[in-house]
Amino acid sequence: MPASPMRAAWIMTLLSFLVVLMNKNGSSCVTANKPAVNPPLWLLAELTYRCPLQCPYCSNPLDFAQQENELTTEQWITVFRQARAMGSVQLGFSGGEPLVRKDLPELIAAARDLGFYTNLITSGIGLTEKKLQTFGDAGLDHIQISFQASDETLNAALAGSKKAFQQKLAMAKAVKAQGYPMVLNFVLHRHNIDQIDKIIDLCIELEADDVELATCQFYGWAHINREGLLPSIEQIARAEATVKRYRERMAASGNLTNLLFVTPDYYESRPKGCMGGWGAIFLSVTPDGTALPCHSARQLPVKFPSVLEHDLQHIWYESFGFNRYRGYDWMPEPCRSCPEKEQDFGGCRCQAFMLTGDADNADPVCDKSAHHGKILQAREEANCSSLRVDQLRFRNRVNSNLIFKAGA
């Protein structure tokens, strides 16, 4: 996708549902000084890092151009089989752009045969009405399409494709016509958040059932573009007021089933409960088979296991990477004695690492963190930023190779 904010928002909407299922159906494994470990209920299959778009907020690794290995069809199906045997119920196909995988219909069919509820998370580029029919025949349950903006010009500037907007419009209409749930996602940032009213109007025009307005989360490419992407506090306030106004209107008219608005962590005083807890609900597998407890964890200085070397049962319950931040014993102060630790789990480990250089630290979003000043500084930089869209670092192979060489 290039899809991280889209994935993050969509994942969060499922967590409450999955927790209920976990409590009802999940077996658990108790280890020394750790809470019970329940099975992963949600599996994200990042099929590829290939993508036709160049979004500057993509969550794919900065050095994605150096990571070209992809699991085969059979290897992916083996992963699905193992996850389902453990109790996973939800399977998302993501990327990059998952549509570039020619075996996608086969993967969908295999997942459906195993009993998964399947979701395609896509930019819509490469989608056709014929493919929609093929995916439906294979058993696909759900499609989410992302937009960059509500107008063609800004959408093209952000995506790096002049044809993307019209393609997305056509495919959104086709998804609705073929009976899939109409779910649209807009990644919000300082360059498009002021058109949030036009964005919602477009969603209503397209008869969307659900809309995710996911303000950019700063991992991957978004992190290096943060100064040019983080909205100002005034922009956030105006957007919240607009969303509130539309929600009130929609409650009366019933135009949308759900309108989700996710604000950036940078304007909070307490961190979000990242992914429902480390290794608690969510399991991601990257194109080359690396297994992660969240889709951004690969950047951490932690050795994560591969599905090519271990089965998911071992990875989930026994591997160092998945046990590293489970429970509360790893926490330093102020997290260890904080009464909110069972709700926020100390915040995001990736964010702590990116902003402080140490993933063990309290998430700097928390105003109890010794590093909270870094968040205040980022807000100030955003309020003063004048960076244009064309000054951002775009997600493409040229920039990826340059970043890799600079860090080598």
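Okay, a definition to start: helices here are DSSP runs of H or I with at least four residues, strands are runs of E with at least two, and both are numbered from the N terminus.

Quick caveats. This is a predicted model, where local features need pLDDT of at least 70, side-chain atom pairs count only at pLDDT 80 or more, and totals for chains, interfaces and linings use all residues. Residues are numbered from 1 along each chain as its sequence is written, and side-chain values use heavy atoms, with hydrogens and water left out.

So, helix 4, residues 129-138. Its buried residues are Leu132, Phe135 and Ala138; buried means under 20% relative accessible area, exposed over 50%, partly exposed in between, with a 1.4 Å probe and protein chains only. Look down the axis of helix 4 and those buried residues fall within an arc of 125°, so they line one face of the helix. That arc is taken from the directions from the helix axis to the C-beta atoms.

What do they pack against? Helix 3 (104-114), strand 3 (117-122), strand 4 (142-147) and helix 6 (164-177), with contact meaning heavy atoms within 4.5 Å. On the face turned away from the buried side, you'll find Glu129, Lys130 and Asp137, which are exposed. After helix 4 comes Gly139, with a positive phi, near 110°.

Now the cysteines. UniProt, in an unreviewed entry, puts a "binding site" feature at Cys51, Cys55 and Cys58; positions follow the numbering used here, feature names are shortened, and annotations may be inferred rather than shown by experiment. Cys55 sits in the loop between strand 1 (42-46) and helix 2 (73-86), and counts as buried because its relative accessibility is 0%. Cys58 is in the loop between strand 1 and helix 2 too, and is buried, at 0% relative accessible area.
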